[in-house]
Amino acid sequence: MDTDEAAHRLQLLLKEFTIPARRPGDGRTGTRAHPPVPLNLAVIDHITASVVEVAEHARAAAPDAGPLPAAPAGIYDWWRQSTPDLDEGAVQARETVIYRQGLEHAIAAGDHKVIRKHPCPACGTWGLFWRAAAQRAVCVNQDCTDTKGMARTWELKQLAHEHIAARQRTLKANAT
Ligand SMILES: [Zn+2]
């Protein structure tokens with residue numbers, strides 16, 4: 001998943017989870033195996049919180065940033081366009097937030113597979129899975145434990161940090 005996928009996933013969430021009913025004759029009604037998903041307040045709260053977080057970050061760096069875009073999925077481009085002159089560390093922090101929100105949108109939509117695309121930050125094993133009750137990714141490697149002997153777990157922001165840092169390293173390596 002790339003950072004630009006955050007906008008795509010936010011758009012999907014809006015479409016699939018917050019539209020109360022499809023109008024007859026919109027061309028897709030008859031092809032759906034399930035009735036339309038009812039208005040999902042938790043998802044609406046999630047989207048609102050995501051937009052607020054982006055707005056706060058953007059305005060902290062660029063107090064003169066203009067009004068938020070009308071479409072929530074436009075917030076990431078708006079943030080980037082509002083903060084064109086950040087230093088390298090600040091760009092990395094911004095992209096980490098955007099990437100983490102993309103992961104959050106996927107999980108809010110029930111797509112936990114996005115976790116598997118990340119190696120465990122401690123042991124490098126592929127095989128993290130999502131533990132919804134804890135809201136953390138868990139490493140399947142039995143030798144990968146914390147000081148108490150428990151399986152290592154990771155927050156989405158940690159996975160996002162690792163992913164963006166690795167991508168920056170790759171960009172740098174390719175540039176030299
Ligand atoms: Zn591990």
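Tutor: Start with a definition: a residue is buried if 20 or more other C-beta atoms, placed from the backbone, lie within 10 Å of its own, exposed if 12 or fewer, and partly exposed in between. This is a predicted model, where local features need pLDDT of at least 70, side-chain atom pairs count only at pLDDT 80 or more, and totals for chains, interfaces and linings use all residues. Residues are numbered from 1 along each chain as its sequence is written.

Student: What percentage of the 176 residues of the protein chain count as buried?

Tutor: The protein chain has 176 residues. Apply the cut-off of 20 or more C-beta atoms to them. The buried share is 25%.

Student: In what order do the elements of the protein chain run?

Tutor: Helices (H or I, at least four residues) and strands (E, at least two) are DSSP runs, numbered from the N terminus. The chain has 5 helices and 3 strands. From the N terminus on, the order is α-α-α-α-β-β-β-α.

Student: Are helix 2 and helix 3 roughly parallel or antiparallel to each other?

Tutor: Axes are lines fitted to C-alpha atoms, for helices over the stretch in contact, and angles run from 0 to 180 degrees between N-to-C directions. The axes of helix 2 (residues 41-61) and helix 3 (residues 75-82) come within 10 Å and cross at roughly 5°. Angles under 35 degrees count as roughly parallel, over 145 as roughly antiparallel, 65 to 115 as roughly perpendicular and the rest as oblique. Helix 2 and helix 3 are therefore roughly parallel.

Student: Which residues does Leu103 contact, leaving aside its neighbours within four places in sequence?

Tutor: Two residues are in contact if their C-beta atoms, placed from the backbone, lie within 7 Å. With those neighbours set aside, the partners of Leu103 are Val114, Leu156, Leu159 and Ala160.
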